[in-house]
Amino acid sequence: MKTVYAFLADGMEEVEALMVIDTVSVKDDLLVESSHKIKLFADKNINEIDFEKGDCIFLPGGIPGTPNLAACKKLTDNIVEYNRQGKWLAAIC
């Protein structure tokens, strides 16, 4: 089975984020607010996962969700590393 990490940031597009099952908050807090002010609880936060065990990073769109994802250095560093390793990167919108 493959492991896909779906990252949530405040302002994400909820339909795009909810199409996947296991979600990861880029904040210490699991509570994330969507672009339409809908509050969701992620399964884990970014400090609770092992990027090396993942097979894919999934990024939902939305404003200001996309800039909030881009502001997370731990996430962007791992996106670069996944790309270097030839691992899957996926994004919507």
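## Strand E1 and its partners

Strand E1 and strand E6 (residues 56-59) run parallel, joined by three bridges. Strands here are DSSP runs of at least two residues (E), helices are runs of at least four (H or I), and both are numbered from the N terminus. Two strands pair if DSSP finds at least two bridges between them. Within E6, Cys 56 is the bridge partner of Val 4.

E1 also runs parallel to strand E2 (residues 23-25), again with three bridges. Here Leu 8 has Ser 25 in E2 as its bridge partner. E1 itself spans residues 4-8, and four of its five residues are buried. Buried means under 20% relative accessible area (1.4 Å probe, protein chains only).

## The model

This is a predicted model: local features need pLDDT of at least 70, side-chain atom pairs count only at pLDDT 80 or more, and totals for chains, interfaces and linings use all residues. Residues are numbered from 1 along each chain as its sequence is written, and side-chain values use heavy atoms, without hydrogens and water.

## The sheet

Five strands form an open sheet with parallel pairing, in the order E5-E2-E1-E6-E7. Strand E5 (44-45) and strand E7 (88-91) stand at the edges; each has a single partner strand, so one side of each lacks a neighbour in the sheet.

## Thr 23

Thr 23 lies in strand E2. Thr 23 is buried, with a relative accessible area of 8%. Beyond its neighbours within four places in sequence, Thr 23 is in contact (heavy atoms within 4.5 Å) with residues including Ala 6, Leu 8 and Phe 41.

Technical notes
Buried means under 20% relative accessible area, exposed over 50%, partly exposed in between (1.4 Å probe, protein chains only).
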